[in-house]
Amino acid sequence: VTHWNAAAERIFGYRAAEMMGQSILRLVPPDGVEECRIGIDLVARGERVVGRMTDRVTARGERIKVSVTLSLIRDDPGGSVGISAIIRDMTQQIRLETEVAHAQKMEAVGNLAGGVAHDLNNILTALLAGVEFAGQSPSVDAETRRDLAEVRTDCFRAAGLVRQLLAVARRQVINPRPCDVNATIGDLGPLLERMLGADVTLSLTARATRSVFVDAGQLGQVMFNLIANARDAMANGGAVSIDVGDDPASNAVLITVSDTGAGMTPEVKAHLFEPFFTTKVVGQGTGLGLSTAYGIIAQSGGTISANSEPELGTTFTIALPAIETAVPNAAPPPMSASLGGDETILVVEDERGVRDQIVRYFNQLGYQVVEARNGAEAIAAMEQHGAPIHLVVTDVVMPEMSGAELVTHLRDWYPNLRVLFMSGYSARGVETHGVVVADAELLQKPFELSKLARVVRQLLDQPRRTPGESSTPLTACASESGVIGF
């Protein structure tokens, strides 16, 4: 080295006095020496090396990515006296490009998963309605009822897989509330121990002093997925530790899950959170567990990362934004014991199978029903109907006019109109399609008709707002079955 400028000092951490007269190979990792010599030989023969991406080593022993441009230095007579190396540190740029590419890949997969989930949820909604109607028939015998019960169970199993797709897409309905992470994970301890089995020990340290704003059920799902991953990595037994604590520097609550399992290679770790990526044999894993965990944590405003080396185990670290105080839950409004009524309901749904089943059920309950395939058709039907409507039950994503646009139009006529959105997407997916509607609720597909009837009755029984009273934003409806969450 015959020249070492200030930029070289910043990149490599060596002062000029430390490098002058030293071999340039001091900056080259052992596996890159041959490549470096080849580059020097090329330049010595009069060729030029421009922007070659390679690795170099800093004074701290860190390996960095650099762009190297080499050219020959000549004296006045034209003789070769040295080589000029222009080096740019590309480590951060490459890291950012990798993160952007990963984000774009996840977004593309999310869009695909969200679209598939939307269509599947419509199909499952129609199937559940058909099962419900069939089960009400007095001519159905006991064996057929058992078959219908199996179909119903399978529909909910399918809905669970759809929820995983929505979690991957970060489009699932969530019910975030102030959550004591210590208590939430502590309550899961016995279940997690049973998951791990007798040959794996579990230790739990819960010392966080602040809460987080998450869906506690989905945080539990993340823990189950991480513990299942740890169990599979310890075929011959081992230990798992869970630590919950504060990170004042990032204003977050940290959850770390460490195991003494087989660990991962850098190649596996690079694809760890990608949907459908699995190292298990065909038929033993879907590849959705960790990608689901990633989607849940990301949708909750947090981050999840992994640190692992072969034979040295794996540590997952979750960081969730901390909050200071809990927010009390509002008491739900009273609901009529009867599911039926005589009010007028506008049903707008572009999926014919779903619309027909809903209209049929509402007619059975005594409601007056006006039906339409989309927003434009709904407005025309209301103009023809003439009488006031009390509630609109509408899909969100429809041709010609969205559910949000329809509601905006209808509330010009009926300011106190109750609104129930149905969607195969989620609250996030609904907002993506332009829904910012006060005093409206969202019912996630798939649902059973009896659940729909209870939500409708609850909405109709709510007291009307007085002029000037503050409104509430779009909320979501819970379900005792767990298929429809917040």
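**View 1. K445 and D395 meet in a salt bridge.** In this predicted model, the closest N and O atoms of K445 and D395 are 3.7 Å apart. K445 sits in the loop between β15 and α14, while D395 belongs to strand β13 (residues 391–395), so this contact ties together parts that are 50 residues apart in sequence. Both K445 and D395 are buried. For K445, the relative accessibility is 1%.

**View 2. K445 also forms a salt bridge with E349.** Here the closest N and O atoms are 2.8 Å apart. The pair links distant parts of the chain, 96 residues apart: E349 lies in the loop between β11 and α10 (352–364), and K445 in the loop between β15 (440–444) and α14. E349 is buried, with a relative accessible area of 0%.

**View 3. R457 and E343 join their side chains in a salt bridge.** Look for the N to O distance of 2.8 Å between them. R457 is part of helix α14 (residues 449–461) and E343 is found in the loop between β10 (314–323) and β11 (344–348), so the two tie together parts of the chain that are 114 residues apart in sequence. Are these two residues buried or exposed? R457 counts as buried at 6% relative accessibility, and E343 is buried too, with a relative accessible area of 15%.

**View 4. D31, D55, R63 and K65 form one network.** These residues are joined by salt bridges that share partners. To place these views in context, a search of the whole structure finds 15 salt bridges.

Notes. Residues numbered from 1 in each chain as written. Predicted model: local features only at pLDDT ≥ 70, side-chain atom pairs only at ≥ 80, totals over all residues. Heavy atoms only, no water. Salt bridge = Lys/Arg side-chain N within 4 Å of Asp/Glu carboxyl O. Helix = DSSP H or I, 4+ residues; strand = E, 2+ residues; numbered from the N terminus. Buried < 20%, exposed > 50% of the residue type's maximum accessible area, 1.4 Å probe, protein only.
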